[in-house]
Amino acid sequence: MHRHLTVAEVTEAARRLVTRFPGTGRLRRIGTSRGGRPIRMLSVGHGPRHVLVVARPHPDEPVGGATALALAERVAAGDRRSPATDPAAVTWDIVLCLDPDGAALSEGIEAATAGPGPVLARYYRAAFRPVAAEQPEWAPIAGRRLPESRALFDAIDELRPVLQASLHNVDAGGTWAQLTRDLPGLAAPYAAAAAEAGVPVQHGTYDALYWENPAPGIHVLPPPHSTARLAAGSENIGRSTWCAPQRYGGVTAIVEVPLWATGPADDLSPHPDPAGALRELSGLVREGGRQVTAVFEKARGFLPTAEDSPPRRVLEWMADDLYDLVADSWEPLVRQAEAASAPASPALTTAGISALEVVARRQPLRAAGLLLRLLAAADDPAAAGLHHELDGLLTAWCTEFEESLRLRPVPVPTQVELQTRAVVAAAECALEL
């Protein structure tokens with residue numbers, strides 16, 4: 001498998017697996033998306049305990065489908081190298097794609113990330129990620145219960161999984177895991193899998209900026225009363241699908257593997273000027289956002305309405321205050337870096353600053369890619385000129401991204417093997433609790 005798989009390819013492969021392993025594998029529909037697309041779950045094994053795997057929760061993160069199939073094959077074949085993959089002891093229930101509507105809007109991303117040398121600019125032109133309130137795992141935080149979210153909540157209530165594994169790609173960086181409860185035995189096998197794959201373990205990450213960090217690449221959600229819940233809506237994270245298994249004693253592991261690895265992802269040396277670097281990154285995300293928004297403002301009148309266009313809704317959301325929100329979220333780190341007596345933080349190492357640089361660079365790129373798509377489909381005379389202007393920006397930004405962080409593509413088989421091993425290790429740990 002040398003490229004990511006489309007939802008249709010994953011579904012067809014799941015059907016073939018059920019045919020090859022009659023009685024061991026079952027495929028069923030557990031819900032329907034807002035756009036009327038099926039949400040399917042492949043169950044493998046007949047054990048009394050359940051591991052729930054969620055693929056493609058974000059449509060611009062394509063690795064999950066291939067990882068889901070790799071896990072299913074391992075269990076269906078009766079792999080007893082791990083007690084977690086013994087089909088007589090554990091049933092693996094695998095949601096093949098949680099956001100099929102979003103995946104349809106990311107059509108072409110599988111080809112854009114195909115090796116041996118995927119093109120970063122091609123990825124951002126193909127990628128689509130909905131607004132937070134329309135992301136099935138995250139929407140409940142905003143008070144929305146999408147049918148996709150409901151399907152996952154219902155599966156959690158039915159199965160009561162000891163582990164829920166959410167399969168994610170980060171566009172650039174290293175690999176890491178976020179946990180809703182600590183799994184003390186996970187760090188060592190995770191590090192070993194990453195080392196054997198040649199993928200750096202990410203030290204520091206925007207996604208868990210203020211979470212507890214008991215081991216490299218392992219981030220644990222702080223308890224509800226903790227003042228550390230500052231980043232990205234995590235003060236209300238208890239409403240999300242991630243935390244739903246807790247009511248049954250289960251734990252969720254969000255496993256991230258990179259499409260492109262960055263050179264500094266595991267560099268633990270202190271950054272020489274973290275406060276200055278953070279101010280520079282804040283300016284970078286604000287200025288990139290300003291430039292995309294300026295093009296967007298010129299095109300507003302002839303683009304589809306937000307009601308009719310999910311990409312337009314994302315552009316409106318980002319133009320509103322997202323760039324400033326990202327930049328402002330780093331202010332506590334700036335103050336910490338300026339305080340001579342402050343304890344060392346992974347976010348202030350060379351690796352931690354590089355992780356935030358990924359975020360600063362990707363936010364304008366995501367918006368630019370969506371706007372280019374809308375401009376290419378527009379028939380207004382001004383569209384071609386604006387498209388040319390913005391395409392030049394996106395191309396230049398991608399070149400700067402690649403050079404600044406020394407990006408190298410991670411082969412798809414490596415992504416899948418690393419994520420598979422990480423999920424199996426997390427399942428082993430969860431089953432021992």
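1. A polar contact is a pair of N or O atoms within 3.5 Å; within protein, one must be able to donate a hydrogen and the other to accept it, and residues adjacent in sequence count only if both atoms are side-chain atoms. Arg 312 and Glu 316 have side chains joined by such a contact, at 2.8 Å.

2. This is a predicted model: local features need pLDDT of at least 70, side-chain atom pairs count only at pLDDT 80 or more, and totals for chains, interfaces and linings use all residues. Residues are numbered from 1 along each chain as its sequence is written, and side-chain values use heavy atoms, with hydrogens and water left out.

3. Arg 312 sits in helix H9 (residues 310-328); helices (H or I, at least four residues) and strands (E, at least two) are DSSP runs, numbered from the N terminus. Arg 312 is buried, at 9% relative accessible area. Buried means under 20%, exposed over 50%, partly exposed in between (1.4 Å probe, protein chains only).

4. The whole structure has four aromatic pairs. Rings of Phe, Tyr and Trp (its six-membered ring) pair if their centres lie within 6.5 Å; planes under 30 degrees apart count as stacked, over 60 as edge-to-face and the rest as tilted. Tyr 123 and Trp 260 are edge-to-face, because their planes stand at 65°, with ring centres 5.8 Å apart. Tyr 123 lies in helix H5 (residues 120-126) and Trp 260 in strand E9 (residues 251-261), 137 residues apart. Both are buried.

5. There are zero disulfides, meaning cysteine sulfur pairs within 2.5 Å. The sulfur of Cys 429 is 19 Å from the closest cysteine sulfur, in Cys 243, so it is too far for a bond.
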